[in-house]
Amino acid sequence: MSQSVSSFETTSDSPTMDSSVKYTKIRVEPTSGCIGAEVSGVDLAKIDDETFEEIHRAWLEHQVLFFRDQKITPSEQEGFARHFGELDTYPFIPSLPDHPHVIPIVKERDTKLNFGGGWHSDMSYQEKPSMATILYALEVPPHGGDTLFASMTAAYDALSPGMQTMLGNLNAVFTAAKVHSSEGLYSKVDHPMGKKKDEAKEQARFIHPVVRTHPETGRKALYMDAPHVERLENMRLHESQPLMDFISNHATSPQFTTRFRWQPGSLAVWDNRCVQHYALNDYPGQRREMNRITIKGDVPY
Ligand code: SIN
């Protein structure tokens, strides 16, 4: 019998959640064994530096943080985002009027395809992929429309040393073309948010390592997201595909994930350097509206 994903062991050197980390400004409750925490006791419309330092520490530890019952305007969402770094610009969807860094993510009742409905890391097709994403829920279905998150450090840690070494020597060719070009997935549907055309960004290719090192924690993370990876560097597609499938399937195994159920006023902030996410499309006939901001990152190494 082939090894089932549930038989992976947690190795003694795998970093685990440290519940002894002390916070004085916020409360932090992990949502699963290796990724995600719900943070309470904070109003994101007005946070001081000390509170942000705790949020940032919790974020590096848990990789995706969830906040509830926030009442924030697009400007306040930008203000929170700027604590993390410089704001990125999304190339393929028009932004909100007067907020060039905020894009609406809307699925109307009659829209079939959703945005982000496959495991991916945001804007990994850029030379400098987005470091973080902040998603704020305005309207959500009564049930369904959850988002799944997977820890790419936990997925890397669970690999055998031999596989870690082999993957550590690989690079992949990243591109937006599979999704955003005129032949791409999103070209086949009308998107309620409308589309922006940027031929150069659609067609660009950048080489990134399949195992990247997190610049702040030093942890190694798998970096491979199927919608944005064309093939492995120096390999043909049919040679790359089995390895790409293995990495994607392994990386998104249930034990590396957490799942967030949105309510209006919920906000999530995730670290694209070590997290993949997946927006579930299981709410036909219902409306969902979010505002999204991405934060600029570095060249992966
Ligand atoms: C995204 O991929 O950024 C969208 C996630 C979501 O809408 O849940």
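1. Cys274 counts as buried, at 2% relative accessibility; buried means under 20% relative accessible area, with exposed over 50% and partly exposed in between (1.4 Å probe, protein chains only). The model is a predicted one, in which local features need pLDDT of at least 70 and side-chain atom pairs count only at pLDDT 80 or more, while totals for chains, interfaces and linings use all residues. Residues are numbered from 1 along each chain as its sequence is written, and side-chain values use heavy atoms, leaving out hydrogens and water.

2. Cys274 is in no disulfide, a disulfide being a pair of cysteine sulfur atoms within 2.5 Å. The closest cysteine sulfur to that of Cys34 is in Cys274, 11 Å away, and therefore too far for a bond. The disulfide count is 0.

3. Lys107 belongs to strand E4, residues 103–107 (strands are DSSP runs of E, at least two residues, numbered from the N terminus). Lys107 is buried but has no salt bridge, and Asp282, the nearest side chain of opposite charge, is 8.0 Å away. A salt bridge needs a side-chain nitrogen of Lys or Arg within 4 Å of a carboxyl oxygen of Asp or Glu.

4. The side chain of Lys107 has a polar atom 3.2 Å from the backbone oxygen of Thr111. The side chains of Lys107 and Asn281 are joined by a polar contact of 3.3 Å; such a contact is a pair of N or O atoms within 3.5 Å, and within protein one must be able to donate a hydrogen and the other to accept it, with residues adjacent in sequence counting only if both atoms are side-chain atoms.

5. The largest nonpolar core has 54 residues, of which Leu167 and Leu222 touch the most other members. Such a core is a set of buried Ala, Val, Leu, Ile, Met, Phe, Trp, Tyr and Cys residues joined through side-chain atoms within 4.5 Å. A second, separate core of 29 residues includes Tyr23 and Phe67.

Key: Helices (H or I, at least four residues) and strands (E, at least two) are DSSP runs, numbered from the N terminus. Lys and Arg count as positive and Asp and Glu as negative; His and the chain ends are not counted.
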